[in-house]
Amino acid sequence: MNSSKPEKTKAIDSLEIDYDHIDVAALVTQIQKAAAEAPPVEARETVAPRDSTSLPSPSPRDSTPPPPASPSGLGPPDSTASLPRPAPTAPRVTTSPTSGPQDSISPPLPLPPIPPSPSPLSTEPVSGPQGLKQKIKIILRKLIKPFFPVIRLLAFPIHEELRTTIESLHETNMRLDYLFQLLHFQEEKYDRRLESVDQRIYRNELRLDTLEERHGDLEQKFDQRLEIVDQRIEKSEQRLDRSEGALDERLKDLDKSMDYIRLLYNLDHNLVVELTKLKIEADTLKTKFRILEKDQEFLQKREKALEERSAK
Amino acid sequence: MTIAFVVQRYGLEINGGAELHCRWVAEHMRKYMPVEVLTSCAHDYITWRNHYPESEEVINDIRVRRFPVTKPRRPEKFGRLQNYILEHEHREKDELAWLEEEGPTSPKLIHFIRKHESDYDYFIFFSYRYYHAYWGIHTVPGKSILVPTAEHDPVIHLKIFRDLFRMPRAFIYNSEEERVMIQTLSRNQSVPGLVVGVGTEVPSSFSAERFRQKHGVDGPYMIYVGRIDQNKGCPHLFDYFLRFKKDTGSDIKLVLIGTTVLKIPSHPDVRHLGFLPEEDKFDALSGAELLVMPSFYESLSMVTLEAWALGRAVLANAHCKVLKGQCQRSNGGLYYENYPEFREALKLLLASPRLRAVLGENGKAYYDANYTWDIIEKKYLAIMNELGAGR
């Protein structure tokens, strides 16, 4: 009996897994769906380890855990990291032309006016409708007025010093505020200038990179062409060498032929000499032969004559 | 061709990720060309205090030159400086002051590089955020190759590093995510780079049974390997694991291997075995149901590659883009963003041995295709040859 599903695919707890062509990304997606559909886990305390002073407190919700935060002590680094790292957020660098989303230079505040000096602390009584308290104050002043010189003698230096100190502190504060704002304004101005310089440098670097690339490409092409030319020269030289070799061979052959001709010439000469000698010898022999023939004829005739004589 | 590897610490007993990465690559590249290492005298990664003498030594047939650190790091001052530059508007000189405090501050090392520039064809700098890499690259930009080992760290957004990333001759990235992050940040697409990563030294034999007998671990367990501290997401791991146990009643155990700066939960199913030698680590990995990686910040995660080399499935923190990307590319692991997803993913993995096996096989295939030492060495040679041809 055949099952409805092919053998290679198996469902485990409603997950379809193709073992022959397993795709981890797809499988993990299924796991994520299964995890989302699973009944929510109740908030619980985990088994707190003993002496777990270094462990962070477990989260009651099954939320995405944050990366490890900067611990107080020394977390020994990995091979590449050194000390424990803070949460991964990009730093803000004012000098960087390519800062990320953390770039947060606020627009410059307008410069405040220089604060007036002395301070605007006022000793004038507040004007306005006089209430009961004001009236009592006025009456008391009139009563104490004769004793003012004594009171001033006793209290004036302290009061005056205090008043002067407060005034000068206030003035100093105003001036400090002004200077801080001025400094901040100047800093922002220079930061913007530095940023623009950085951007220009970066653009120039990009251009340099492009030029270097092109230079590299041109060099490469030039090298390739030089290589081709070198190869052609090499081939021509090889052909010339081969031709020279062939020519030398032919010259050698020619020399051999010349020697051979000289030999033949000598041979011919010798043959001719020998033939001539043989011819002369042959003629001589012919002459001798004719003489001997003649002698033989004479002798034959003499023999006949003698035979005839003897027969008679 | 002579190559110099420049790294913050170097030694057989130093197991930090970037330092181990550098040592392994140097030892493997030694086969092809003369290799030297320029490093500091530091052993402690927090204070950079001088531990080794200022001298030359030979470690595994590689000449190592050590230079003293002029001033140890003061963690409190460093923390204040870092908080300041990350939370306030500041100048470039503040960033350089931070870098000076980050260390390991060794002007002699930089001076050596400047003086002996012509003795080396390339300088390979490891870890972008340290003194030696920043000033070293500024000294010999035309001969520098940077292995950034960068993570999603707030300091990477500092202006000094955005400029730094446009300076080297080439980059050797640990992952595609690292490359995208650095290129997005500094727009340095014109600087050649290659995603290489690092291989791992898998022993020829490993035995889960041996591990179980030696450490008394029985029953199914999932494993975490690495330093146990806050930056590695371990508090969340403990929280999620304990809640999982309570919600599901599963008999799965959690085995932790590595040194710790946190308190381990005192639960019978949480076993902390401390720092173990490589043999035991691989034995443990081979017997685990899966590897769990809760870290938020990784540039490559060598232990994840080791798990895949042994055909183990991985359950990773999706907040770390590198781990998530690796799981998706390899189809060798699942990932989670919060506790419900962790619970469902772990339930699924524990319920399906076949799924774990398939994920493990995929991870192994991905590892064999990208992270064996042959492939790593070829990539390093390719990038050096490409640079040499372009000269």
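How are α11(B) and α14(B) oriented to each other? I began my notebook with that one, and the model I am reading is a predicted one.

**Ground rules**

I number residues from 1 along each chain as its sequence is written, and I letter chains from A and number ligands from 1 in the order in which they are written. In this predicted model local features need pLDDT of at least 70, side-chain atom pairs count only at pLDDT 80 or more, and totals for chains, interfaces and linings use all residues, while side-chain values use heavy atoms, with hydrogens and water left out.

**Entry 1: α11 and α14 of chain B**

I looked up the axes of α11(B) and helix α14 (residues 353-370) of chain B, which come within 7 Å and cross at roughly 110 degrees. α11(B) and α14(B) are therefore roughly perpendicular to each other. Axes are lines fitted to C-alpha atoms, for helices over the stretch in contact, and angles run from 0 to 180 degrees between N-to-C directions. Helices (H or I, at least four residues) and strands (E, at least two) are DSSP runs, numbered from the N terminus.

I noted a left-handed crossing for α11(B) and α14(B) (left-handed if the near helix is turned anticlockwise from the far one by less than a right angle, right-handed if clockwise). On the α11(B) side the contact uses B:Leu305, B:Trp308 and B:Ala309, and on the α14(B) side B:Gly360, B:Gly363, B:Lys364, B:Tyr366 and B:Tyr367. Contact means heavy atoms within 4.5 Å. I sorted the residues of this contact by class and got five nonpolar, two polar and one charged. For the classes, Ala, Val, Leu, Ile, Met, Phe, Trp, Tyr, Cys and Pro count as nonpolar, Asp, Glu, Lys and Arg as charged, and the others, Gly among them, as polar.

**Entry 2: α8 and α10 of chain B**

Next I took helix α8 (residues 208-215) of chain B, whose axis comes within 7 Å of that of α10(B) and crosses it at roughly 110 degrees. That makes α8(B) roughly perpendicular to α10(B). I listed B:Ala208, B:Arg210, B:Phe211, B:Arg212, B:Lys214 and B:His215 from α8(B), meeting B:Glu279, B:Asp280, B:Asp283, B:Ala284, B:Ser286 and B:Gly287 from α10(B). The class tally for this contact is three nonpolar, three polar and six charged residues.

**Entry 3: α2 and α3 of chain B**

I then checked helix α2 (residues 75-87) and helix α3 (residues 92-102) of chain B, whose axes come within 10 Å and cross at roughly 150 degrees. That makes α2(B) roughly antiparallel to α3(B). The crossing of α2(B) past α3(B) is left-handed. Among the residues that meet here are B:Phe78 and B:Leu81 of α2(B) and B:Ala97 and B:Trp98 of α3(B). I count the contact as six nonpolar, one polar and five charged residues.

Which residues lie closest to the centre of the largest pocket? The largest pocket holds about 1100 Å³, and of its 28 lining residues the closest to the centre are A:Glu212, A:Gly216, B:Arg169, B:Ser190 and B:Pro192. α3(A) gives the largest share of the lining, 13 residues. By class I find eight nonpolar, seven polar and 13 charged.

My search ran on a 1 Å grid over the protein atoms alone: a cavity is a set of points where a 1.4 Å probe fits but cannot get out, a pocket is an open set with protein on both sides within 12 Å along at least five of seven lines, and lining residues have an atom within 4 Å of a point. Grid points are joined across faces, edges and corners, and a volume is the space filled by probe spheres set on the points.

The second largest pocket has about 980 Å³. α1(B) gives the most to its lining, with six residues.

I found four cavities of 30 Å³ or more in the whole structure. The largest cavity has about 70 Å³, and its lining includes B:His152, B:Met181, B:Phe296 and B:Cys320. α7(B) gives the most, with three residues.

I noted a cis peptide bond from B:Gly103 to B:Pro104, with omega near -15 degrees. B:Arg187 has a positive phi of about 50 degrees although it is not a glycine.

Terms used. Parallel < 35°, antiparallel > 145°, perpendicular 65-115°, else oblique.
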